[in-house]
Amino acid sequence: MALETTIIQEKLTQKFGEKVLDFCMSKDIFTFEVVPSKLHELIQTLRDDEELNFNFLTDLCGIHFPENDENHQFAVVYHLHNWIENTRIRVKTYLTADPEVMSIADLFLCANWMERETWDFYGINFVGHPQLKRILNMDEMISHPMRKEFPMEDGGRTDKDDRFFGRTIINQ
Amino acid sequence: MSELLLSPEHRYAKIIEQTRNEDGSELSILNLGPTHPATHGIFQNILLMDGERILEAEPTIGYIHRAFEKIAENRPFYQVNVLTDRMNYCSSPINNMAWWMTVEKLLDIEVPKRAQYLRVIVMELARITDHLICNSILGVDTGAYTGFLYVFQFREKIYEIYEEICGARLTTNMGRIGGFEREWSPKTFELLNTFLEEFPVCWREFENLFERNRIFIDRTINVGPISAEKAIQYGFTGPNLRAAGIDYDVRVAQPYSSYEDFDFSIPVGKSGDTYDRFCVRNAEVWESLSIIRQALAKLPEGPIHANVPDYYLPPKEDVYQNMESLIYHFKIVMGEIPVPVAEIYHAVEGGNGELGFYLTTDGSRTPYRLHFRRPCFIYYQAYPEMIKGAMLSDAIVILSSLNVIAGELDA
């Protein structure tokens, strides 16, 4: 008996009401969004509820959407996995240009470095993280390099033209 | 001489001064790495030690960070593949195939059965290489050099097979969107068959050298154990998790590339210590060999790649003579191929755990965001806890039994 997506949706809307939204199947993974203020509580429910039982945090990462409105500038994406029913879900939360979200390092020990990585590359502040400092880049760095405005290469180079490398004004 | 001593203001000197043993004796701080020959890669750990015993450890990573995720956002899909090679370079074909499968999932491409089976063969070969390196190096770290030299020639044999398939050995860049770039030559199958004949003999001997070896057992049993609960909490996957007794394997949980057609078991350990990790890897090599044999026996005839001219570069001869091929060649190279807007997560069982690609596209030819779920980045955070209370020489053994690959750790 696989864990039905309708059960997940029912349970969560019952508990969180309007705070969880946009339920959909994105290819093979059930995806939904949650408001950042309820994120920690939601992940805890997903982990501790006997029926839901999402016991494993597979992945956590950030995304930058500079072209979205001001409330959807950043997203943090969580992939959770229920090993008993073998079901994966994806939880997304959108943040403002001054991104801040509750840390889930107290729920999953593995979230510790994943959140540090997200902080390092996107500058997303995880409130309540035990040791939020840079992990892959050097400590002296000021910028957050995975943000879209951060250029990949030295801007002074003239031998490379963005039009030949995928992004043009038309297809962006 | 006095210049070599720590000045009283140095932060280490302060720590040493503040944290003393109960009887007032001094502790010491040792900087292990970043480039130490015993750590097989660039890992730095600052250890607080009481004599030979480790009290605390602080790992620093990122010494070979190459910003693959950023580079991937600026490259078309088929050029991202060469980045994946360089993550877990002990088993690069697995990373390559995982990336193609992610793109195929995005584009809804059905790969022909033959190509899927050939992918399974090459992925299992890569798994053998990965485990072979990890286990033999673990032998070296415990003082047994012979086994390493003995099995390493078979890594060479596997690399010769890779070479026959794709022309490269270490960073393979193997395959294309939809399958392989060309049919495997008869020589590939010849080499493969010789390997299947000779390798088991050698691997059996390697096992016999270690599994009941008194010194090896003393060095590894109860060294760096981790409980199943802790392993889940720390996000362990792959052989390290299975050594703790949990039979989670992506090949079985979410079969990809026709893994459901093969009959194999998932070896599990009990206590999650270094010896169990070693034994689980040994057993997995036998399973991989069995999968390769089954795949060779059942190998269907047919095309080697899916019929997706929009994404698969046509043969060069055709480009010069055939209008259609020329158009497709132009479209692919100039990036005018249709790409759906979607979000994909695809996971495979890599050499050391669940290797996942989280891909978000916006309709352009490059990924909008590509995140690599690197298994050893996630489980390496358990390392300070695992070596707490262990001897310094155990720390080296634990590190090599975890199979942490620096390229994957730092991406």
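How many residues of domain 1 of chain B are in contact with residues of domain 2 of chain B?

Tutor: This is a predicted model, in which local features need pLDDT of at least 70 and side-chain atom pairs count only at pLDDT 80 or more, while totals for chains, interfaces and linings use all residues. Residues are numbered from 1 along each chain as its sequence is written, and chains are lettered from A and ligands numbered from 1 in the order in which they are written.

Chain B is divided into domain 1 (2–60) and domain 2 (68–410), with bounds that come from an automatic or database domain assignment. Across the boundary, 14 residues of domain 1 of chain B are in contact with 16 residues of domain 2 of chain B; two residues are in contact if their C-beta atoms, placed from the backbone, lie within 7 Å. On the side of domain 1 of chain B that touches domain 2 of chain B, strand β3 (residues 53–60) of chain B gives the most, with 6 residues. Strands (E, at least two residues) and helices (H or I, at least four) are DSSP runs, numbered from the N terminus. That side of domain 1 of chain B divides into 7 nonpolar, 3 polar and 4 charged residues. Here Ala, Val, Leu, Ile, Met, Phe, Trp, Tyr, Cys and Pro count as nonpolar, Asp, Glu, Lys and Arg as charged, and the others, Gly among them, as polar. The centres of the two domains of chain B, taken over C-alpha atoms, are separated by 36 Å.

Along the principal axes, the C-alpha atoms of chain B fill a box of roughly 85 × 50 × 40 Å. Among contacts in chain B between residues at least 6 apart in sequence, 69% join residues at least 24 apart.

Chain B also meets chain A: 32 residues of chain A are in contact with 36 residues of chain B. The largest share of the side of chain A that touches chain B, 6 residues, comes from β3(A). By class, that side of chain A has 18 nonpolar, 10 polar and 4 charged residues.
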